Amino acid sequence: MIKGNSAIIINHLFQTLLATCLLLLLVEQIWQGTVSVYINLNYLLVIVVITGIIDVFSEKPVLFKEKPTTKDYLFVFALGIIGFAIIKYKTHQLGNLSWIISLVAGILIILLSIMVLNDE
Amino acid sequence: MGWYTEQYKKGHKKEINSIKEAVSNPFAEQKKVFESPDQIFKEVRLHMRNERKIKIFKIIIILIPIILISFILYSNLFANHIFNYFYDIGENEKYLSPESRISSPIQEEIGYRNLTASLVYFSVLIPRNAETITVQTKFKPNFPEDYVFILGAKDREDWHYKWNQVYNPSLNNLSQFERIDKVYLINKNLYLVPYDELKYERNVIVASDNYYTLLPNIITEYTKKNTSINHSLRGGHIFYIYTEEDLEITIKKQDINWYPGEDVLEILVYDANENIKGNFTIEDDGISEVSKIPAPIQEKTYTIKNLEKGVYKLQLSNFDGLIRYIEVNTNKIVSTKLFLADNPIYSVNESNVTLFFDTQRPTRISMRTWHYQGLQNISINNQSVPIKHLVNATYYNATSGRYVIISYENDIILESTRYFSFTEESLFEPFKQTLISIKNDLEWMTSNVDYLVTNYKRPKEDNGWLTAETNFNIKEDNIFIKDNKINFVYNVPHLSNPEYANYSIPVDWINITVYKKGLL
C-alpha cells in the first residue's frame, strides 16, 4: 500500500495524465491525425491505467466534502454544452437523429454531474 | 507563542496551521505530543520539506502535458517531418488486402508474398498537411511481354485512382529523349514544352497514365437527335459524346455468366474535367453461378438534366456480359476502343458491323481476338485485312484520311489512338489533343506519340529483385484522404487475364516515406 507523499504524487500524476489523455483524444477526434501520427495514444492510455490502478490501492488523506456552489453548477452546465457540441460535431452525418443523440447526451452529462456533486 | 509569531512573520502561516490541525485533529491515527518548541520546530521543518517536495513533483508532473501539447503543436505547425513506414510483406502482418488476392508468406532466402490478382490494396497513415509521398516496392519482374506494373493512389471518394508506373521496361530508356520535368519529347519534329503549357499544343498525341486535362473542341455539327448502337459489345467501354441540356441514355445489357459472381454494370458520365455528372447501375441478372443459358436482357434509361454544352465521357464499367444496345439523344458519340461481340460464341447472331474512323496523321489500328471464332478478314476501305493470330494483335497502318471498317464475324477488339464511330454522322474529334495510356512498347510510342508525361524512375536491380520508386504529390494530385489514411492499389493488369494467371508477382517489401513541410 502506497502512503503519504507518494500517494499524493501518484494521485496527482494519475489525474494529470488522465486529463491529458482525454484532451489529446478529443483533439484527435476533432482534427484527425494531429496527435496519432506523432504519439501513439495507446501507450499513454496504458500508463494512465497503470497509474490509476496504483492510485486506487494507495492511501490518500481524508478529504472533507464541500457543499456545491453556483460555480460548480455553472461548470457542470458548461461541460454539458461542450459534450453536446462534440457529439453533434461527430454525428452530424446522421441528420436529425444527430440532434436527438447530442441533446440526450448533453442532458445526461449535466444530470449525472449534478448527482455526483450532491452525493452525500 | 513567540516562535509561532516568528514563523507567521516568515510567511509560514499555512504550515503552522496545518501543524496545529495535525495536533488537534481528532481523526489522526495518533495524537502527537510535543515536549519542547525545538521538537515542534523540527516537525514544522519536516512538514515544510515534504510540502516543498510535493510541490516540486507536482510541477514536474504538470510539465508532462505541457511538453506533450507543445510537442504536438510544434510538430503540426512548425516542424518538417519525414515519416517512414516499412511494410515487410513476407512477414505475417497483413498489410495487403484482400487476402484472396495474395499468397501466404513464402520463406526462401528472402521472405515474400505473391500478388495473385490484379488489384491489391494497402493504406498508409499520413499526418495533416503532408506534402509528398514516396512508395518504394521491392518485387520480382515476373511479367509477360508487354505488361506493366502500376501503383494507384486514391484521388476520389468513389473508385478512382491516380496511376503511376512502377515497372515498365519500355520506359527504362527514356534518357534518350529531351525532357522538362515530367514531359518527354518523343516526336523530334516538335518542340519541348513545359507541363503547364502542354495542354495548349493542338493535334498532338500525349501518352500519360497520370490525370491530364484535355481541352475540348467546340463541335458545330452537333444536333440533338437520337443515335443508337444496336450491336453487342463485350464488357466495359468508354465513349465520348457531345451534348447539352438533358442527356438521355438507354442501355441494354445481358450477362453471359462465364465466370462466377455478380455482374453489375455501372454507368458513369463525366465532364471534360473528370467531374461525375451522373451515374446509374444495372444490377446483376440474378445468376451468380457459371451458366451457359442465355440470360435475360436488362434495360435502363437515365436522364441527366441541365448539362452545359460540351464533351462528356460515358463510362460503362467492366462486367461479365454484353452491352446489347446503347441509345443517346445526341448525334455525336465515339470511342477509341471497341470489343465487337456479335458472334455465336456469346450466343448472339453474327451481323456485319460497320465502323467509321478518321485520322489526320499516320496511325495504326490494332485488331485482336482471343478465340478461334474471331479469326476472320476485316474490310478496311474495301481492303481485306486477315486476322490470323490469337492473342497477338494484328496492326493496320492508316495514313491520313477517313476509313470505313467492316467486321463480319466480330469477337474482335479494335483499338487506336483515334476515334471509331458506328455512323458517319457520329464521328467527331472530342479534344484538341489525343490522350492515350502509356504502353510497354517504346518502339510503338516513338512512332505514334508526340509527348510522354510520366514521373517514371528506372527500378534498381538487386539479385533478380527490382526496387522501384514512385512519388505522389498529395496537393497537386488531389489525393483523397479518409480517416487520415491514403488508399493505394497495385494494378497488375496481366493477372486479370486468365491466360497469365501463373505470372504472379513476388513482393518482398514496401517502403513508404511521407514528407510533411512545417511553417519554419
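**An open sheet in chain B**

Author: In this predicted model, five strands of chain B form an open sheet, and they follow one another in the order E8-E9-E27-E10-E26, with mixed pairing. The edges are taken by strand E8 (178-180) and strand E26 (434-436) of chain B, each of which pairs on one side only. Neighbouring strands of the sheet are turned against each other by 25 degrees on average, when direction is ignored.

At the E26 end of the order, the partner is strand E10 of chain B, residues 205-208, which pairs with E26(B) in the parallel sense over three bridges. Within this pair of strands, Ala207(B) stands opposite Ile436(B), the latter belonging to E26(B).

The sheet can then be set against the chain around it. Chain B has 32 strands and five helices in its secondary structure, and of its 520 residues 30% are buried. If one takes the contacts in chain B between residues at least 6 apart in sequence, 76% of them join residues that are at least 24 apart.

Beyond its own fold, chain B also meets chain A: 20 residues of chain B are in contact with 17 residues of chain A. On the side of chain A that touches chain B, the residues divide into ten nonpolar and seven polar, with no charged residue among them.

Methods. Residues numbered from 1 in each chain as written. Chains lettered and ligands numbered in written order. Predicted model: local features only at pLDDT ≥ 70, side-chain atom pairs only at ≥ 80, totals over all residues. Contact = placed C-beta atoms within 7 Å. Nonpolar A, V, L, I, M, F, W, Y, C, P; charged D, E, K, R; others polar. Pairing = 2+ DSSP bridges. Helix = DSSP H or I, 4+ residues; strand = E, 2+ residues; numbered from the N terminus. Axes fitted to C-alpha atoms, helices over the stretch in contact; angles between N-to-C directions. Buried ≥ 20, exposed ≤ 12 C-beta atoms within 10 Å, placed from the backbone.
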